[in-house]
Amino acid sequence: MFSQDFSLIDKIPASIDLEFSVLSHLYWDGDVFSNLKNIIYSSDFFKPEHVKLFHVMEQCFLKDGIITKHSINDFLNSDDLLNKIGGSEFLNKLEIFVPDFQNTITFAKKIKEKSIKRKQMILAVEYISKLKKDDYDV
């Protein structure tokens with residue numbers, strides 16, 4: 001996912017569990033997207049499958065103004081994305097998982113914070129990589 005050398009970083013900030021919980025809540029109740037659409041974007045997710053699924057949810061919302069399990073499934077099948085997010089097994093996990101409905105906004109904000117930290121780390125690693133080169137003009 002990242003082309004940069006992250007050997008300088010002990011741990012990349014991400015929370016797969018929080019991402020899954022937010023996605024599950026959206027799968028259960030797409031109406032919550034209107035509360036999240038200005039907080040997080042697909043690019044804020046870390047796990048590639050989560051990035052793709054949230055992007056599908058964004059597209060469903062933009063197209064129909066609503067997110068439903070049916071619209072998600074239709075979009076995934078029409079663009080042959082189902083296998084890229086983990087197949088129907090992944091959707092089944094979303095459906096049987098009962099998310100923490102009370103804390104979805106808080107979880108979305110934490111996902112955003114981790115995303116910002118990752119982006120800052122990418123910039124820092126890129127800068128350090130440039131500094132390591134002998135021909136870098138300081």
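Reply: Happy to; we will look at a pair of helices, then the core, then one serine. Keep in mind that this is a predicted model.

Me: How are two packed helices described?

Reply: Two packed helices are described by the angle between their axes and by the distance between those axes. Here, the axes of helix 3 and helix 4 come within 9 Å and cross at roughly 110°. Angles of 65 to 115 degrees count as roughly perpendicular, so helix 3 and helix 4 are roughly perpendicular to each other. Their crossing is right-handed.

Me: Which residues make the contact of helix 3 with helix 4?

Reply: Helix 3 brings L53, V56, M57, Q59, C60 and D64, while helix 4 brings S71, I72, F75 and L76. Sorted by class, that contact has 7 nonpolar, 2 polar and 1 charged residues.

Me: How many residues does the largest nonpolar core have?

Reply: The largest nonpolar core has 32 residues, and L53, I72 and L76 have the most contacts inside it. Helices 1 to 6 each supply at least two residues of this core, and helix 3 gives the most, with 7 residues. Leaving out residues up to four places away in sequence, L76 touches L53, V56, L81, L82, I85 and L91.

Me: And S21, is that residue buried or exposed?

Reply: Buried means under 20% relative accessible area. S21 has 4%, so S21 is buried. This serine lies in helix 1, and beyond its neighbours within four places in sequence, S21 is in contact with F97, P99, D100 and F107.

Definitions and conventions:
Residues numbered from 1 in each chain as written. Predicted model: local features only at pLDDT ≥ 70, side-chain atom pairs only at ≥ 80, totals over all residues. Heavy atoms only, no water. Core = buried A, V, L, I, M, F, W, Y, C linked by side-chain atoms within 4.5 Å. Buried < 20%, exposed > 50% of the residue type's maximum accessible area, 1.4 Å probe, protein only. Helix = DSSP H or I, 4+ residues; strand = E, 2+ residues; numbered from the N terminus. Contact = heavy atoms within 4.5 Å. Axes fitted to C-alpha atoms, helices over the stretch in contact; angles between N-to-C directions. Parallel < 35°, antiparallel > 145°, perpendicular 65-115°, else oblique. Left-handed = near helix turned anticlockwise from the far one by under 90°. Nonpolar A, V, L, I, M, F, W, Y, C, P; charged D, E, K, R; others polar.
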